[in-house]
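Reader: Before I set up any calculations, could you take me through the charged contacts and the pockets of this protein, one question at a time?

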Amino acid sequence: QIGLGLQLDSGLMLGGKYIQLEDGAKADDGDKATATLTGTGISLGYLHDSGFGLMGTYLFEPEKEIDAGSTATWKGGDGNVIDIGYYFDNGDWAVGPQLSLVTATYKKIESDGDETELDSPYEETYTYPYVSLLFFF
């Protein structure tokens, strides 16, 4: 995940984010399969002087591409990311643990060049813990 934003004196943050999350698994036939979720969105959050941070991002039409020999792409929906973290300030930069809760909803699937509208939206939720690095300038 990569984001760029503006932090106001009040601690309020406004910005945008691009996510690319990849997961590897084995397909039914034993071959390796990869699933890649990508999305871009607008963000609103708050970073307190104590180091606690909370950020919400609305994703515009995230896509999930699954490659298991042939490729299928889930798309046509929306999503959101909620980030909660605690950051240790080092002046011009900060580092700390962060937990991201990502929800994506899809309304279409494309496979072998054919696009199909789903009968009902398909939703997935992921939780990703990681170490986040912030730069202030």
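This is a predicted model: local features need pLDDT of at least 70, side-chain atom pairs count only at pLDDT 80 or more; totals for chains, interfaces and linings use all residues.

Reader: Which residues lie closest to the centre of the largest pocket?

Author: The largest pocket has about 750 Å³ of space. Of the 29 residues that line the largest pocket, the closest to its centre are Gly-3, Leu-4, Gly-5, Met-55 and Leu-134.

Reader: Which strands each supply at least two residues of the lining of the largest pocket, and how does that lining divide by class?

Author: The strands that each give at least two residues to the lining of the largest pocket are strand 1 (2-7), strand 2, strand 3 (32-47), strand 4 (52-67) and strand 9. By class, the lining of the largest pocket divides into 17 nonpolar, ten polar and two charged residues.

Reader: Turning to charges, what is the N to O distance in the salt bridge of Lys-17 and Asp-83?

Author: Side chains of opposite charge can pair when their charged atoms come close. The search of the whole structure finds five salt bridges, and in one of them the side chains of Lys-17 and Asp-83 meet with an N to O distance of 2.2 Å.

Reader: Are Lys-17 and Asp-83 buried or exposed?

Author: The cut-off for a buried residue is a relative accessible area under 20%. Lys-17 has a relative accessible area of 11% and Asp-83 has one of 3%, so Lys-17 is buried and Asp-83 is buried.

Reader: Which side chain is joined to that of Asp-83 by a polar contact of 2.3 Å?

Author: Apart from residues up to four places away in sequence, Asp-83 touches Gln-1, Lys-17, Gly-53, Leu-54, Met-55, Gln-98, Leu-99, Ser-100 and Tyr-130. The polar contact of 2.3 Å joins the side chain of Asp-83 to that of Ser-100.

Reader: Which residues are linked with Glu-115 in a network of salt bridges?

Author: Glu-115 forms a salt bridge with Lys-75, in which the closest N and O atoms are 3.1 Å apart. Because Glu-115 lies in strand 9 (residues 114-135) and Lys-75 in strand 5 (residues 71-75), this pair ties together parts that are 40 residues apart in sequence. The side chains of Glu-115 and Lys-108 also meet in a salt bridge, at 3.7 Å from N to O. The network of salt bridges links Glu-115 with Lys-75, Lys-108 and Glu-110.

Reader: Is Lys-75 buried or exposed?

Author: Glu-115 is partly exposed, with a relative accessible area of 44%, and Lys-108 is partly exposed at 27%. Lys-75 has a relative accessible area of 16%, so Lys-75 is buried.

Reader: Finally, which residues is Asn-80 in contact with, leaving aside its neighbours within four places in sequence?

Author: Asn-80 is found in strand 6 (residues 78-86), and Asn-80 is partly exposed, with a relative accessible area of 32%. Leaving aside those neighbours, the residues in contact with Asn-80 are Thr-57, Leu-59, Leu-101, Val-102 and Thr-103.

Notes
Residues are numbered from 1 along each chain as its sequence is written. Side-chain values use heavy atoms; hydrogens and water are left out. Helices (H or I, at least four residues) and strands (E, at least two) are DSSP runs, numbered from the N terminus. Buried means under 20% relative accessible area, exposed over 50%, partly exposed in between (1.4 Å probe, protein chains only). Contact means heavy atoms within 4.5 Å. A polar contact is a pair of N or O atoms within 3.5 Å; within protein, one must be able to donate a hydrogen and the other to accept it, and residues adjacent in sequence count only if both atoms are side-chain atoms. A salt bridge is a side-chain nitrogen of Lys or Arg within 4 Å of a carboxyl oxygen of Asp or Glu. On a 1 Å grid over the protein atoms alone, a cavity is a set of points where a 1.4 Å probe fits but cannot get out, and a pocket is an open set with protein on both sides within 12 Å along at least five of seven lines; lining residues have an atom within 4 Å of a point. Grid points are joined across faces, edges and corners, and a volume is the space filled by probe spheres set on the points. Ala, Val, Leu, Ile, Met, Phe, Trp, Tyr, Cys and Pro count as nonpolar, Asp, Glu, Lys and Arg as charged, and the others, Gly among them, as polar.
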